[in-house]
Amino acid sequence: MAALDSRGKVLEVRALPLQHFLLRIRVAGMEPAAPGQFVMVAGANQVEPYLRRAFSVYDQEPAGTGALTISLLGKVIGRGTAALAACLPGQDVPVLGPLGRGFHSMGANGPRGGRAAVVAGGIGSAGLGLLAQALAREGRPFDFYYGGRSADDLVEAEEFQRLSERSGGRLLRTTEDGTAGARGLVTEALAATLEAGAAQAGSAYEALYTCGPHGLMAAVARIAVEHGIEGEAAMETPMGCGYGACLGCAVELEEGGYALCCRQGPVFNLREVAW
Ligand SMILES: Cc1cc2nc3c(=O)[nH]c(=O)nc-3n(C[C@H](O)[C@H](O)[C@H](O)COP(=O)(O)OP(=O)(O)OC[C@H]3O[C@@H](n4cnc5c(N)ncnc54)[C@H](O)[C@@H]3O)c2cc1C
Ligand code: FES
């Protein structure tokens, strides 16, 4: 799938709670992204910061005559994300993508029959949007575990509820302050389900997919090993170029050595990464 460096037209910028935002951009000539792929994007007329920022393609739809409308779900944490949140409809923004390798165990390689758990921490849910759509479309049941500090961190929860229920699964929310779902960590909820399943002689899940803070993904990787389940993580290692030129996105591997997150990832097998 070839990446295209193009200028996209901002169609909509939707402000969401806690400095989250949803940005819809029409990009002429861009090929659809596979679940887990990303784009490098910057705000309109942006000089500072110089480098574009990496964003997962959260949603996409054909926009006629070879164009694609992509949706990016983001959270303002610094200057690059603030410039994106400040975009206005009608402005042009640079978009390079789709980039990287997405979830490898989709399509013919995906789990057969067994249930999957998709585990998101906060805005990490953006990296799981196309995956949840694909699982629902293919009729592969999954439970979506969505964790945050408080209710406002669980953006687009209704959409993940709709997709998981369509697949035959459900949404499980956790918050550290107890303002939505169960109080606690999302990995505690996942571990509890697996332990209950193991007590009934069988794992509750055939595959685990995750995206979120590093510590959360590391905990999911430990749980996967403990319960003998395969899984993948979409890493969010800070990136300079997005296509292998700056060598700034190294991910340490369990077998020794490093991989470039932008080229060999951002999706890695949970057992591949030296967490
Ligand atoms: C493949 C990929 C996909 C991504 N998809 C999304 C997405 O869909 N939505 C989204 O909101 N974000 C996503 N991110 C993260 C996003 O790229 C960063 O939030 C962004 O680069 C921060 O830029 P900034 O200029 O706003 O902040 P900066 O000024 O660059 O950084 C502000 C502070 O945040 C820290 N920081 C920067 N990047 C990260 C990071 N990735 N994780 C933890 N801390 C960080 C910095 O060290 C600094 O302390 C993705 C990252 C990758 C690599
Ligand atoms: S971001 Fe430049 S090599 Fe990966």
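How do the residues of the shell around ligand 1 divide into nonpolar, polar and charged?

Reply: A word first: this is a predicted model. The shell around ligand 1 divides into ten nonpolar residues, six polar ones and four charged ones. There are 20 residues around ligand 1 in total. Those that come nearest are R53, A54, G80, T81 and E236.

Now the place itself. Ligand 1 takes up the space of the largest pocket. The largest share comes from β4, with four residues.

Next, the polar atoms. Start with R53. An N or O atom in its side chain is 2.8 Å from an oxygen atom of ligand 1. Go on to L73. Here the backbone takes part: one of its N or O atoms lies 2.9 Å from a nitrogen atom of the ligand. Then comes G78. A polar backbone atom of G78 is 3.0 Å from an oxygen atom of ligand 1. How much of the ligand does the protein cover? On its own, ligand 1 has 910 Å² of accessible area, and the protein covers 69% of that.

Now some residues from elsewhere. Take R140. This residue lies in the loop between α2 (129–137) and β9 (142–148). Is R140 buried or exposed? R140 counts as buried because its relative accessible area is 7%, under the 20% cut-off. The side chain of R140 also has a partner. It makes a polar contact with the side chain of E138, at 3.3 Å.

S167 is next. Look for it in helix α3, which covers residues 157–167. S167 has a relative accessible area of 9%, so it is buried. A polar atom of the S167 side chain lies 2.7 Å from the backbone oxygen of S164.

Last, G29. This glycine sits in the loop between β2 (20–28) and β3 (38–41). G29 is partly exposed, because its relative accessible area is 44%, and that class runs between 20% and 50%. How far is G29 from S125 in sequence and in space? They are 96 residues apart in sequence, and their C-alpha atoms are 26 Å apart in space.

To go back to the ligand: follow β4 for the largest share of the shell, then find R53 and its side chain, 2.8 Å from a ligand oxygen.

Technical notes: Residues numbered from 1 in each chain as written. Chains lettered and ligands numbered in written order. Predicted model: local features only at pLDDT ≥ 70, side-chain atom pairs only at ≥ 80, totals over all residues. Heavy atoms only, no water. Helix = DSSP H or I, 4+ residues; strand = E, 2+ residues; numbered from the N terminus. Buried < 20%, exposed > 50% of the residue type's maximum accessible area, 1.4 Å probe, protein only. Polar contact = N/O pair within 3.5 Å; in protein donor to acceptor, adjacent residues only side chain to side chain. Near = heavy atom within 4 Å. Areas by Shrake-Rupley, 256 points an atom, 1.4 Å probe, with all protein chains shown as cover. 1 Å grid on protein atoms, 1.4 Å probe; cavity = no way out; pocket = protein on both sides within 12 Å on 5 of 7 lines; lining within 4 Å. Sits in = over half its atoms within 2 Å of the grid points. Nonpolar A, V, L, I, M, F, W, Y, C, P; charged D, E, K, R; others polar.
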